[in-house]
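Readers may wish to keep the sequence alongside the coordinates while following it.

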Amino acid sequence: MLKIDKLNVIVKDKKILNDFSIDIKDGEIHAIMGPNGTGKSTLSKVIMGNKNYKIESGKIVFNGDVINDLETDERARRGIFLSMQNPISIEGVQNSEFIKTAINARRNTPIGLYEFIKEITAKASELDLKEDMIHRAINVGASGGERKKNEVLQISLLKPSFIILDELDSGLDVDSLKKVCESLNKYLEENPKTSVLIITHYPRILEYIKPRYVHMMVNGKIVKTGNLTLALEIEKSGYSDTFNISENKVYE
Ligand SMILES: Nc1ncnc2c1ncn2[C@@H]1O[C@H](COP(=O)(O)OP(=O)(O)O)[C@@H](O)[C@H]1O
Ligand SMILES: [Mg+2]
């Protein structure tokens, strides 16, 4: 589904992604862990087409097409969704109106108002998201946790085929994280071809949404790949020890 080949990305003359490669197939869940400032959020923004990040060389291939130069809205139309590390608020744009417009951008005939309201209300209740969040301006006055829930609400309504979760777990309390992950798992069961890239510092989210591969990223590239055992090792020993001490160890 998503293949990245030797991607080099610069931000304000600083090289952030360094020959970064990854291959995520249909229906696979991958996780990336890595120290602060290593380029994880940069990666997610580059996949989504943020213009502040310049691709120097390399390719991003989505479902067989090179998407390096596509606009963000076209990437979204093709099914890519980024749940941002810090979702912003937007004054003057009603949340439900925004979601409905995004849904319709991917449909030939607009969604019926009754069907839409029914679906958004049901999903908000599944996520334990206060109903007035739906009708307010996007994330205005919302807590960190509510913003994250709102991202997952968008996922369940927009039905993307490739989902990036950039630190979804930050800002969510233990109960909310469980609820949000249950909702995402339900979505993945109903849409088994969906692929997910989870960026996180903690194994907890990976115990709910189980990745097939866990990658450790340092200085803009993947330096080690394993499974959940690698995530647990990182939690126990930290990034540098996991990298240094266990250089030849295979985490399976
Ligand atoms: N818009 C930007 N302007 C300047 N520097 C940036 C910008 N975005 C990211 N960076 C820098 O790129 C590096 C990687 O950041 P980021 O991708 O957010 O790391 P991570 O998500 O792994 O913590 C950091 O040094 C950060 O300061
Ligand atoms: Mg980040």
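Predicted model: local features only at pLDDT ≥ 70, side-chain atom pairs only at ≥ 80, totals over all residues.

Val218 has its place in strand S11, and when neighbours within four places in sequence are left aside, Val218 is in contact with Gly34, Pro35, Thr38, Val223, Tyr239 and Phe243. Val218 and Leu17 are 201 residues apart in sequence, while their C-alpha atoms are 9.7 Å apart in space.

The loop between strand S11 (213-218) and strand S12 (221-226) contains Asn219, which has a positive phi of about 50 degrees although it is not a glycine. Most residues other than glycine have a negative phi. Asn219 counts as partly exposed, since 14 C-beta neighbours are found inside 10 Å. A positive phi also occurs at Asp19, about 55 degrees, and Asp19 is likewise not a glycine. Asp19, however, lies within strand S2 (residues 14-24), and with 13 other C-beta atoms within 10 Å Asp19 is partly exposed.

Two of the residues that Val218 contacts, Gly34 and Thr38, are also listed among the surroundings of ligand 1. Around ligand 1 are Val11, Lys12, Ile16, Gly34, Asn36, Gly37, Thr38, Gly39, Lys40, Ser41, Thr42 and Asn52. Taken by class, this shell comprises 2 nonpolar, 8 polar and 2 charged residues. Which helix gives the most to the shell around ligand 1? Helix H1 (residues 40-48) does, with 3 residues.

A separate part of the description concerns the packing of two helices. Two packed helices are described by the angle between their axes and the distance between the axes. Helix H6 (residues 144-158) packs against helix H7 (residues 174-190) at an angle of about 10 degrees, and their axes are 10 Å apart. Because angles under 35 degrees count as roughly parallel, H6 is roughly parallel to H7. On the H6 side the contact is made by Gly145, Lys148, Lys149, Val152, Ile155 and Ser156, and on the H7 side by Ser176, Val180, Ser183, Leu184 and Tyr187. By class, this contact has 5 nonpolar, 4 polar and 2 charged residues.

Ser183 of helix H7 is one of the residues that make this contact. Ser183 counts as buried, since 20 C-beta neighbours lie inside 10 Å and 20 or more is what burial requires. Apart from neighbours within four places in sequence, Ser183 is in contact with Glu126, Leu127, Val152 and Ser156, and both Val152 and Ser156 belong to the H6 side of the helix contact. Ser183 and Ile32 are 151 residues apart in sequence, and their C-alpha atoms are 21 Å apart.

Val180, which also takes part in the contact from the H7 side, is one of two residues, the other being Ile198, that touch the most other members of the largest nonpolar core, a set of 52 residues. Not counting residues up to four places away in sequence, Ile198 touches Ile29, Ala31, Leu165, Ile205, Leu206, Ile209 and Pro211.

Ile205, listed among the contacts of Ile198, has its place in helix H8 (residues 203-208) and counts as buried, with 25 C-beta neighbours inside 10 Å. Beyond its neighbours within four places in sequence, Ile205 is in contact with Leu168, Asp169, Leu177, Cys181, Ile198 and Thr200.

Leu228 is found in helix H9 (residues 228-237) and is partly exposed, with 18 other C-beta atoms within 10 Å. Leu228 touches Pro203, Leu206, Pro211 and Val214, residues up to four places away in sequence not being counted; of these, Leu206 and Pro211 are also touched by Ile198.

The residue pairs below set separation in sequence beside C-alpha to C-alpha distance.

| Pair | Separation in sequence | C-alpha to C-alpha distance |
|---|---|---|
| Val218 and Leu17 | 201 residues | 9.7 Å |
| Ser183 and Ile32 | 151 residues | 21 Å |
| Ile205 and Ala231 | 26 residues | 11 Å |
| Leu228 and Tyr213 | 15 residues | 7.4 Å |

Conventions. Residues numbered from 1 in each chain as written. Chains lettered and ligands numbered in written order. Helix = DSSP H or I, 4+ residues; strand = E, 2+ residues; numbered from the N terminus. Buried ≥ 20, exposed ≤ 12 C-beta atoms within 10 Å, placed from the backbone. Axes fitted to C-alpha atoms, helices over the stretch in contact; angles between N-to-C directions. Parallel < 35°, antiparallel > 145°, perpendicular 65-115°, else oblique. Contact = placed C-beta atoms within 7 Å. Nonpolar A, V, L, I, M, F, W, Y, C, P; charged D, E, K, R; others polar. Near = placed C-beta within 6 Å. Core = buried A, V, L, I, M, F, W, Y, C linked by C-beta atoms within 7 Å.
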